[in-house]
Amino acid sequence: MVGRVKTAVMVSGSGSNLQALIDARAKGEIPHIELSLVVSSKQGSYALERAGQNGIDAVVVERRRYKDDIEGFERELLSHLAPRGIEFIVLAGFLTIFSKPFIDRYKDRIINVHPALIPSFCGKGFYGIRVHQAALEYGVKLSGATVHYVDETVDGGPIIMQKAVSVKEGDTPQTLQRRIMEEAEWVLLPKAAEFAAARIVKERECPV
Ligand code: GRF
């Protein structure tokens, strides 16, 4: 029996990357991950529907209620994570930067998927469709996705995996976004999450 890591997937939008994790679970591709909780920073996100349809516990912690009070927001997050024994956090389109104390609490236990090849088109302001607009404006011929450990900087932290995707003649930000999701994000995120979770299990079994 493989040791499993209680995992929270944090989302703010449609949750297609959450779906990739759910599909990978059904195929037995993420044996070290227990999808224990979905946290949505917005009411009514489609990700919540996906959680419900797949029997995954879900909560809403509304980011907009806290404005600059990041500590208050994180306190509410922790009130959901701690009682469930969550050890690993996957950010899948979660539009919040955590404070250093929160990052330190989950050191090497938080990963994020970004829809570009870091260090290109990342950092403050590069989220959603803007990332792809910037890539097309620059004229790059390759873009892609990156999964990385999260630190207290925007899109910082050690890279776990990357996958390149070709930009095609006539691409719009929307077509490029979709191709990067299909060819890179949805493939990479389950693989990288499994890698990070297996590492947590190993550390648990053989503490350094
Ligand atoms: C993805 O492009 C992801 O890379 C970025 O936010 C988007 C979330 O999309 N961090 P979805 O909610 O998983 O469909």
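Reader: To begin, in which hand does α1 pass α2?
Author: This is a predicted model. In it, the crossing of α1 past α2 is right-handed.

Reader: At what angle do helix α1 and helix α2 pack, and how far apart are their axes?
Author: The angle between α1 (residues 16-26) and α2 (residues 46-53) is about 20°, and their axes are 9 Å apart. The two helices are therefore roughly parallel, because angles under 35 degrees count as such.

Reader: Which residues meet there?
Author: From α1, Ser16, Leu18, Gln19 and Ile22 meet Ala47, Arg50 and Ala51 of α2. By type, the residues of this contact are 4 nonpolar, 2 polar and 1 charged.

Reader: And α6, at what angle does α1 cross it?
Author: Helix α6 (residues 173-205) and α1 cross at roughly 55°, and their axes come within 9 Å. That angle makes α1 oblique to α6. The crossing is right-handed.

Reader: Which residues make that contact?
Author: On the α1 side they are Ser16, Asn17, Ala20, Leu21 and Ala24; α6 contributes Met181, Glu185, Trp186, Leu189, Pro190 and Ala193. These divide into 8 nonpolar, 2 polar and 1 charged.

Reader: Changing topic: is Ser45 buried or exposed?
Author: Ser45 is buried, with a relative accessible area of 7%. This residue lies in the loop between β2 (33-40) and α2.

Reader: What does Ser45 touch, leaving aside neighbours within four places in sequence?
Author: Ser45 is in contact with Ser12, Gly13 and Ser40. With Ser40 there is a polar contact between the two side chains, at 2.9 Å.

Definitions and conventions
Residues numbered from 1 in each chain as written. Predicted model: local features only at pLDDT ≥ 70, side-chain atom pairs only at ≥ 80, totals over all residues. Heavy atoms only, no water. Axes fitted to C-alpha atoms, helices over the stretch in contact; angles between N-to-C directions. Helix = DSSP H or I, 4+ residues; strand = E, 2+ residues; numbered from the N terminus. Parallel < 35°, antiparallel > 145°, perpendicular 65-115°, else oblique. Left-handed = near helix turned anticlockwise from the far one by under 90°. Contact = heavy atoms within 4.5 Å. Nonpolar A, V, L, I, M, F, W, Y, C, P; charged D, E, K, R; others polar. Buried < 20%, exposed > 50% of the residue type's maximum accessible area, 1.4 Å probe, protein only. Polar contact = N/O pair within 3.5 Å; in protein donor to acceptor, adjacent residues only side chain to side chain.
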